[in-house]
Amino acid sequence: MKILVCMKQVPQKDAPLKVNDAGTWIREDVQYEVNEPDAYALEEALRQREKHKGEVVVVTSGPARAQQVLREALAKGADRAIHLEDDKFVGMDAFNTAKAIAAAIKDEKFDLIFTGLQSDDYGYAQTGVILAELLGWPHATIIMQIEKTDVGIRVKRELEAGYFQFVDMPTPAVLTIQSGINKLRYATLIGIKQAKNKPLRKVPLAEVQSALGENLQTIERLYVPQKTKKTETIEGPPAEVAKKLVDKLRNELRVL
Amino acid sequence: MPDTILAVVEQREGKLNRVSLETIAAGQAIAAATGWPLEAAIVGAGVAAIASEVAAKKLAKVYALESPRLEPYTPDSFASALKQFLSSKQPKLVLMPHTYQVRDFIPKLVTAMGSTAITDSIGFKHEGGKLLFTRQMFQGKLAADVGFTGNGPWFATFQNGAFRGDKSEDGSAAAPVETVNVEIPEGVVRNKPEPIFKEAKQAVDLTQAEIIVSVGRGIKEQKNIEIAKQLADALGGELAASRPICDSGWLPMDRQVGSSGQTVAPKLYLALGISGAIQHLVGMKGSKAIIAVNKDSEAPIFEIADYAVVGNLFDIVPPLIEEVKKAKG
């Protein structure tokens, strides 16, 4: 089974974010990490390779710093990596990102492509499905389980309110993976050492430029959201906070 | 051709998904701002009854897109049917609710049409003739006003609860309903879905709880959940959790609150060590009162909390349990 995992580097969850002077993006002087759903997608790919043999390739599009995500993936066990490297990938919409990935992998023959179900920075949940449409492949989203069958795969889709659905699909296919599908592994010291010798192919923007177009949507402004809710802060040492809260529970919320 | 707005509503097993009323409310608000007429479409097999139900709303027209191949739902069939219809109808703006089903096909549909979707919007602005959609970014820490650069058709999906379904206006008369039979050729549909099901027995129905004490990653270890349980017991409430806690198996899935779990609106929701990721908030922002305890003053949960305690839950919860017990006598 040859599996491609699309991974994104996003600001760390607790990174303090500041809007840039232009008011259109964040100031980039923050710490970054791998998009959490993508880590689950990688883990799932590694498990499928353990079960069915094959190859796991990871790809990311982003500036030089995004290489860290690929290094970590290789250290966890991915076989090789592709880095669409350019600062301009940061501002690209999902359509162009998918087009760039499709162009970078045009000579490869994957059986499956995984993405996380959405990114923790934009949260659009689109790139994987767009990629499937560009490739002409079937897809399924928010996947919690994958089994190989004689004619393709059988996947478990997560729906709202605790519902699920099994779907039979042919391969090749694109799947967007839900967090919690598995338990993430840690990279071992040996893995980190081995990662240094694994192939990492850099793809410059110029190589895929002809496949791309203008962004079809644009962020007019990025800002700290205005609070609409009136929040009362309860302050003081813990014992005092506890007394104040109980006072609210009894007299204002009337739940005691 | 004048610009129109089309709200694509959602049905499952012959019933209208109520979140569609929020989409109609959103469409009506945008129609009022832009002056563009609002129409609606329902996609499926045998959807005449739902189309009639939708036609009671204040809409210029309702379309029922019919094909036996549209039941059960698959992304191939829905994208095919809507692409055909939208290519001929050519609305300027297409709106949908940001459901798991819409997420499954809308990126495919817009790509097939050479267009784009602004997904999971929480509102819109109409400024100087320009339509912008507001979205939460970085898990709610920042907001973005996003606009379209192309000619359209433009697509946007709205987050659950961004508009109120009960605010959708009824029409003074039923809107005309037109059935559009779509042709979906053999071989287009590649996925074979089985019937949907609920996993395992549901031991607790959180939607019935009046008080919920919910834990997030801030609880740090499974054994610490015990103090949250003690607080829930003292208050006479139920224990719940955000997704990561259930993914780790620390609490069963029927305790999960969020887009994939339960949507709750209790009298009191006490969030302990929950940061307030969007997927969690959509499941509890309708709560009558929200108390949040988190040591990060920037945590998005504080945006929707009625009472905020910026502090360590391990310091706060034990004395709180004592005070609650004292108060209850």
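# Two chains, strand by strand

Analyst: In this predicted model, B:Pro97 has B:Phe158 of strand 10 of chain B as its bridge partner.

User: What makes strand 6 and strand 10 of chain B a pair?

Analyst: Two strands pair if at least two bridges are found between them. Strand 6 (residues 93-97) and strand 10 (residues 154-158) of chain B have five bridges, in the parallel sense, so they count as a pair. Another of the residues involved is B:Leu93, which stands opposite B:Trp154 in strand 10 of chain B.

User: Which residue of strand 10 of chain B does B:Ser121 stand opposite?

Analyst: B:Ser121 stands opposite B:Phe158. Strand 7 (residues 117-127) of chain B pairs with strand 10 of chain B in the parallel sense, over three bridges. The cut-off is two bridges, so this also counts as a pair.

User: Why is strand 10 of chain B called mostly covered?

Analyst: Five of its five residues are buried. A residue is called buried if 20 or more other C-beta atoms lie within 10 Å of its own. B:Trp154, B:Ala156 and B:Phe158 point one way from the strand, B:Phe155 and B:Thr157 point the other way, and all are buried. In a regular strand the side chains alternate between the two faces of the sheet.

User: What makes strand 12 of chain A and strand 11 of chain B edge strands?

Analyst: The sheet is open and has ten strands, in the order 12(A)-9(B)-8(B)-7(B)-10(B)-6(B)-1(B)-4(B)-5(B)-11(B), with mixed pairing. Strand 12 of chain A and strand 11 (177-181) of chain B each have a single partner strand, so one side of each lacks a neighbour in the sheet. On average, neighbouring strands are turned by 35° against each other, direction ignored.

User: How do you know that strand 12 of chain A pairs with a strand of chain B?

Analyst: Strand 12 (residues 217-223) of chain A is joined to strand 9 (residues 142-148) of chain B by six bridges, and the two run antiparallel. At least two bridges are needed, so the strands pair. One of the residues concerned is A:Gln217, which stands opposite B:Phe148.

User: What lies across the strands of this sheet?

Analyst: Helix 2 (residues 48-55) of chain B lies across strand 1, strand 4, strand 5 and strand 11 of chain B, at about 165° to strand 5. Helix 3 (residues 75-89) of chain B lies across strand 4, strand 5, strand 6 and strand 11 of chain B, at about 145° to strand 4.

User: Which strands are at the edges of the six-stranded sheet?

Analyst: That open sheet has the order 13(A)-18(B)-17(B)-16(B)-14(B)-15(B), with parallel pairing. Its edge strands are strand 13 (232-233) of chain A and strand 15 (238-241) of chain B, each pairing on one side only. Helix 5 of chain B packs on the sheet, touching strand 14, strand 15 and strand 16 of chain B, and its direction makes about 175° with that of strand 14. Strand 14 (residues 211-215) and strand 16 of chain B pair in the parallel sense over five bridges.

User: What span is expected for helix 8 of chain B?

Analyst: The helix (residues 313-328) has 16 residues and reaches 22 Å from its first C-alpha to its last, close to the 22 Å expected at 1.5 Å a residue. B:Gly329, with a positive phi near 75°, follows the helix.

User: Where do chains A and B meet, and how many residues are involved?

Analyst: In contact are 73 residues of chain B and 69 residues of chain A.

Conventions:
Residues numbered from 1 in each chain as written. Chains lettered and ligands numbered in written order. Predicted model: local features only at pLDDT ≥ 70, side-chain atom pairs only at ≥ 80, totals over all residues. Helix = DSSP H or I, 4+ residues; strand = E, 2+ residues; numbered from the N terminus. Expected span 1.5 Å × (residues − 1). Contact = placed C-beta atoms within 7 Å. Axes fitted to C-alpha atoms, helices over the stretch in contact; angles between N-to-C directions. Buried ≥ 20, exposed ≤ 12 C-beta atoms within 10 Å, placed from the backbone.
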